[in-house]
Amino acid sequence: MTIRHLKIFIAVAETGKMSLAAEKLYITQPTVSQAIRELEEHYNTLLFQRLSKKLYITESGKQLLVYAKQAVDQFERVEEKMAFVDGREKLCIGATMTVGSSLLSPILKKLSEDPTLDLYSYVGNTAAVEEKLLNAELMVGIVEGSIKSHDLVSIPVVDDSLVLVCSSSHPLSARETLTPKDLEGQPFAMREIGSGTRELFEWYLRKKGITVKTYLEANAMDSIRQAVLTNSCMAVVSLRLMEQEIKTGSVRIFLNPSGEWNRSFKLVYHKDCYKTKGIQTLHSLLKTYQTPNYPRQHPHGIIQD
């Protein structure tokens, strides 16, 4: 039995449904069901009656609920006190390359206004950030890719969208509309394996049965940007990373109206992590960031399926 078990139990008792508890805790319903089953086996008692697809807390469950709330409250008090050293909280943040290039600096600047926060940040791809979270080298991450581990909680916080980009001198730049077949055999500047951006684009290519040429593979946006501007490469990147080039007219972008390139930046932390004041502040801050407005005065194309 762990604090996590008790938190899940409290959520089920308060919501009355495992599905609602799962939604509240950003975990799957089978995870909730397993936790309740393990608690019942541990205490050898029935905590909920399951009648007509509804849950009714038992007398044993009501008794455990009182103790569970007290235990969770005490645990969080301990975690809150121990999160601070010399009156300062150490907040280690991991960010993926896209987030690091577009949002991390203003986020860190805002967080640094709190004199009680001692900040450390790391930038890598989604896989690298996930590994460091699992190894407790980071407390929280902001990623655009898919998190694989069930030990991590992933909460969508900021909307984002990928766009197809090429230089204004590219042979396809004059087209108003492209189809997926137009991408066949085109040279592309690609993010490295482990990148959320690459994972989403490669999923799209497989779905459409398209093969492109990888001209450049890089983990730095500047390298991809130069390959687009000077080497006639195409790339699929976050709209946030090309705002300046769009304004100057040095690139042409193609939007995908189907929504298949839409995604979210996600706040990620370990399921057993105590959400300190710093993590809660970061969560609230991320909610203020919205998808950037595309400068409509500049022409763009469409990827039409």
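This is a predicted model: local features need pLDDT of at least 70, side-chain atom pairs count only at pLDDT 80 or more; totals for chains, interfaces and linings use all residues.

Biologist: Is Asn256 buried or exposed?

Modeller: Look at the relative accessible area. Under 20% counts as buried. Asn256 has 8%, so Asn256 is buried.

Biologist: Which side chain makes a polar contact with the side chain of Asn256?

Modeller: That of Ser258, at 2.6 Å.

Biologist: Which residues does Asn256 touch, not counting those up to four places away in sequence?

Modeller: Tyr204, Trp261 and Ile303. Two of those names come back when we turn to rings.

Biologist: How is a pair of aromatic rings described?

Modeller: By the distance of the centres and the angle of the planes. A search of the whole structure finds 4 aromatic pairs. One of them is formed by Tyr204 and Trp261, with 5.1 Å centre to centre and 75° between the planes. Planes over 60 degrees apart count as edge-to-face, so this pair is edge-to-face.

Biologist: Where in the chain do the two partners sit?

Modeller: In distant parts. Tyr204 belongs to helix α8 (residues 196-208), while Trp261 is in the loop between β12 and β13. They are 57 residues apart.

Biologist: Why do Tyr204 and Trp261 count as buried?

Modeller: Apply the accessibility cut-off again. Tyr204 counts as buried because its relative accessibility is 0%. Trp261 is buried too, with a relative accessible area of 1%.

Biologist: Which residues form one aromatic cluster with Tyr204 and Trp261?

Modeller: Phe188 and Phe201.

Biologist: Which charged residues lie over the face of a ring?

Modeller: Take two cases. Lys132 lies over the face of Tyr122, 4.8 Å from the ring centre. Arg252 lies over the face of Phe254, at 5.3 Å from the ring centre.

Biologist: Which strands are joined to β13 by bridges?

Modeller: Read the bridges and the direction. Strand β6 (residues 140-143) runs antiparallel to β13, with 3 bridges joining them. Ile142 stands opposite Leu267 of β13. Strand β7 (residues 152-167) is also antiparallel to β13, and 9 bridges join these two. There, Ser161 has Asn262 in β13 as its bridge partner.

How values were computed:
Residues are numbered from 1 along each chain as its sequence is written. Side-chain values use heavy atoms; hydrogens and water are left out. Buried means under 20% relative accessible area, exposed over 50%, partly exposed in between (1.4 Å probe, protein chains only). A polar contact is a pair of N or O atoms within 3.5 Å; within protein, one must be able to donate a hydrogen and the other to accept it, and residues adjacent in sequence count only if both atoms are side-chain atoms. Contact means heavy atoms within 4.5 Å. Rings of Phe, Tyr and Trp (its six-membered ring) pair if their centres lie within 6.5 Å; planes under 30 degrees apart count as stacked, over 60 as edge-to-face and the rest as tilted. Helices (H or I, at least four residues) and strands (E, at least two) are DSSP runs, numbered from the N terminus. A charge sits over a ring if NZ of Lys or CZ of Arg is within 6 Å of the ring centre and within 35 degrees of the ring normal. Two strands pair if DSSP finds at least two bridges between them.
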